[in-house]
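Subject: Structure handover

Hi,

Here is the structure for you to look through. Please open it first, then read my notes below.

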Amino acid sequence: MPIDPGPSRWRLPVPGPGSDPGAGDLVALGADLEPATVLNAYRAGLFPMPVDGELGWWSPARRGVLPLDGLQVSRSLGKSVRRYEVRVDTAFDAVVSACAAPRRDGAWIDEDIAAAYGVLHTMGWAHSVQTWRDGELVGGLYGLAVNGLFAGESMFSHATDASKVALVHLVELLSDEHAGGRVLDTQWQTPHLASLGVVEIARSEYARRLLTALALPLPAAFASTLS
């Protein structure tokens, strides 16, 4: 099992079931990126993302999730799946580095975020799925696996459909006997993610699903990378 970091010294505010959806997605500023703080935040439905030079903690009023039975695989994507080699947890730092490239629009992964998730990876909490072509890393994604929750953080692609193929493989890894209760969190729904099947749900509904997911075991594919 992943290494337990122990308790956090921070208590982050969590929007309640009856919170005003118009109150905004940003719920707190400050605290730290220690493993215990980050994990406690995810278990409460929050995630970290810098804002104006400060550490922000977010809980979108409209949360993006990908139902495991709702992934939209186009005919062209189906062909791409057969063109790449897919691996799990063999190049975590390289995936984060590619996702953090400053030339990307909306880049938000700074050195502190990259370092924090690197530590969580060594502890068995953060994972990556990579796509390779001719021995070269051309796409991938990374996120946190906490019991039945996989919180997707970012993805990148240097070749056609490379990140999408990683997502297809991730859905396959999560689609076990507990698939009905697992949550694949994408934070927000974007037009790109919507084309792949990501939907929006209310913050209160996300909290309900999260509670169910946290009672489930870690997917076998991620547990096996810890051995």
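Start with the sheet. It is open and has 7 strands, in the order β5-β6-β7-β8-β9-β4-β10, and the pairing is mixed. Keep in mind that this is a predicted model. Strands of a sheet pair through backbone hydrogen bonds, either parallel or antiparallel. The edge strands are β5 (85-88) and β10 (199-202), and each pairs on one side only. On average, neighbouring strands of this sheet are turned by 35° against each other, direction ignored.

Strand β4 (residues 62-65) and β10 run antiparallel, joined by 4 bridges. Find Arg 63: its bridge partner in β10 is Ile 201.

Two helices lie across strands. Helix α1 (residues 35-43) lies across β7 (136-146) and β8 (149-157), at about 75° to β7. Helix α7 (residues 203-213) lies across β4, β8, β9 (183-187) and β10, and runs at about 95° to β10.

Next, a helix pair. Helix α3 (residues 92-99) packs with helix α4 (residues 111-122) at an angle of about 155°, and their axes are 10 Å apart. Angles over 145 degrees count as roughly antiparallel, so α3 is roughly antiparallel to α4. The crossing of α3 past α4 is right-handed.

Which residues make the contact? From α3 come Phe 92, Asp 93 and Val 96. From α4 come Ala 114, Tyr 117, Gly 118 and His 121. By class, this contact of α3 with α4 has 4 nonpolar, 2 polar and 1 charged residues.

Best wishes

Notes
Residues numbered from 1 in each chain as written. Predicted model: local features only at pLDDT ≥ 70, side-chain atom pairs only at ≥ 80, totals over all residues. Heavy atoms only, no water. Axes fitted to C-alpha atoms, helices over the stretch in contact; angles between N-to-C directions. Parallel < 35°, antiparallel > 145°, perpendicular 65-115°, else oblique. Left-handed = near helix turned anticlockwise from the far one by under 90°. Contact = heavy atoms within 4.5 Å. Nonpolar A, V, L, I, M, F, W, Y, C, P; charged D, E, K, R; others polar. Pairing = 2+ DSSP bridges.
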